[in-house]
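Me: I'd like to go through this structure with you, pockets and helix packing both. Can we start with the surface and work from there?

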Amino acid sequence: MNFDYTPKQQAIYNTVGELGRTRFAPRAAALEVGTASPVENLQDLVDAGYGAASLSEDLGGLGGGALGTDPLASLLVVEQTARYCPSTAQSIHIHYNASHRLEQIGSAEQVDRILGPVVHAGKFVNSTGSEPGRTARGLYNLQTVAEKVPGGWVVNGVKNYATLADAVHYHTLAAVAKDVPVPDGHLMLALPQGVEGLTIEPGSWNPIGMRGAFSPVLRLKDVFVPDRNQLGALGESAKGRWQAKSHLSFAAQYIGASEGLFDLLTAYLPNRGTAGDGYAQLRIGELRIAIDAARWLTYRAAWLWTRDSAAAELFSMNAKHQAIAAAVLAIDRGAQVAGSSALDADSDISRFIRDLRFQTLHENYDKTAATVGKFHLGQAYDVTARL
């Protein structure tokens, strides 16, 4: 197993890093208003050739995604983007996972109609499974209901955390078929932007961090979805364990944003005059070790996806857990050594700390470790139950 980047991967790392330094970082503060997706940054990624990174090379992508020939390709885009703008990284992560799943479970006609514009015209898709109260009910116990009617489905419900809702040409979202128990009744649907009955709730995105990753509430009122926009068979997405295929993309965000905070700290502390302080040196060393450990676990998990998906699913939990741990350590130790003078609300250090704290709460640190523990104790476990 060789962890050196291939020429293609090195090019991704270098190119996205340059975009991050010269374009994403200078725009990051302006995205704090939190009222729209980071379309300029996303367009830069498209222009660099990375809008379809999680699609197969046959389709015109880079072979990224968990089931691709080079899972690390799309992860590197996410990681390096997060190093300079975590909000943009979350946005491209959602697009990558949604487009990768659509290629795998969609029909040839759907792939051509929905993903063709992603490859050839720089369009975006998203995926929204979350909705208010889902954490308490369970992953697939949704209250967004699709009722079968001649020619399609009529959908009613509320979704939240709809990242990229204002910028996609197709929304993909999860619902349950009326009167069909889950997971058999779990349903993925594709809805074109502007479809009648689908509205974005004004003012519904106002978090303390990740404000540029515009993720509002969607309301669906009698939305008609024709059969041609049903993605896969009933229950196929749930049974395909697609939640497990997104763990590494979250890990890449945490690693990249932690690296970004590390960059800010190692530039700030010498200017503050505390680079010679033993405690500052200790904390910076701890962060370096933690970030490196998380990165190599993540890269190994990406390699495993090309060989053994069952092993990769579980090992991706290891990587995600370590990436969360590194991020939380970066938040805590970084704030300690930077001091309160560095935490003005408008400072880059303060923004990275807010973004990391908010974003790491999407994944449950303790339940992730417990899932790994269940496996090693011979107990039933589920790597798709994120929260």
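Me: What is the class make-up of the lining of the second largest pocket, counted as nonpolar, polar and charged?
Reply: Bearing in mind that this is a predicted model, the lining of the second largest pocket has seven nonpolar, five polar and three charged residues.

Me: What volume does that second largest pocket have, and which lining residues are closest to its centre?
Reply: The second largest pocket has a volume of about 240 Å³, and of the 15 residues that line it, Asn 2, Gln 9, Asp 70, Leu 72 and Trp 303 are the closest to its centre.

Me: Which elements give two or more residues to that lining?
Reply: Those elements are H3 and helix H9, the latter covering 278-305, and H9 supplies the largest share of the lining, with three residues.

Me: Staying with H3, at what angle does it pack with H8, and how far apart are the axes?
Reply: Helix H3 (residues 71-82) packs with helix H8 (residues 247-272) at an angle of about 30 degrees, and their axes are 7 Å apart. Angles under 35 degrees count as roughly parallel, and H3 and H8 are therefore roughly parallel to each other.

Me: Is that crossing left-handed or right-handed, and which residues make the contact?
Reply: The crossing of H3 and H8 is right-handed. On the H3 side the contact is made by Leu 75, Val 78, Glu 79 and Ala 82, while H8 contributes Leu 248, Ser 249, Ala 252, Gln 253, Ile 255, Gly 256 and Ala 257. Sorted by class, this contact of H3 with H8 has seven nonpolar, three polar and one charged residues.

Me: And how do H2 and H4 lie, roughly parallel or oblique?
Reply: Helix H2 (residues 39-47) and helix H4 (residues 86-105) pack at an angle of about 60 degrees with their axes 10 Å apart, and they are therefore oblique to each other. Their crossing is right-handed.

Me: Which residues meet there?
Reply: Asn 41, Leu 42 and Leu 45 in H2 meet Thr 88, Ser 91 and Ile 92 in H4, and the residues of this contact divide into three nonpolar, three polar and no charged.

Terms used:
Residues are numbered from 1 along each chain as its sequence is written. This is a predicted model: local features need pLDDT of at least 70, side-chain atom pairs count only at pLDDT 80 or more; totals for chains, interfaces and linings use all residues. Side-chain values use heavy atoms; hydrogens and water are left out. Axes are lines fitted to C-alpha atoms, for helices over the stretch in contact, and angles run from 0 to 180 degrees between N-to-C directions. Helices (H or I, at least four residues) and strands (E, at least two) are DSSP runs, numbered from the N terminus. Angles under 35 degrees count as roughly parallel, over 145 as roughly antiparallel, 65 to 115 as roughly perpendicular and the rest as oblique. A crossing is left-handed if the near helix is turned anticlockwise from the far one by less than a right angle, and right-handed if clockwise. Contact means heavy atoms within 4.5 Å. Ala, Val, Leu, Ile, Met, Phe, Trp, Tyr, Cys and Pro count as nonpolar, Asp, Glu, Lys and Arg as charged, and the others, Gly among them, as polar. On a 1 Å grid over the protein atoms alone, a cavity is a set of points where a 1.4 Å probe fits but cannot get out, and a pocket is an open set with protein on both sides within 12 Å along at least five of seven lines; lining residues have an atom within 4 Å of a point. Grid points are joined across faces, edges and corners, and a volume is the space filled by probe spheres set on the points.
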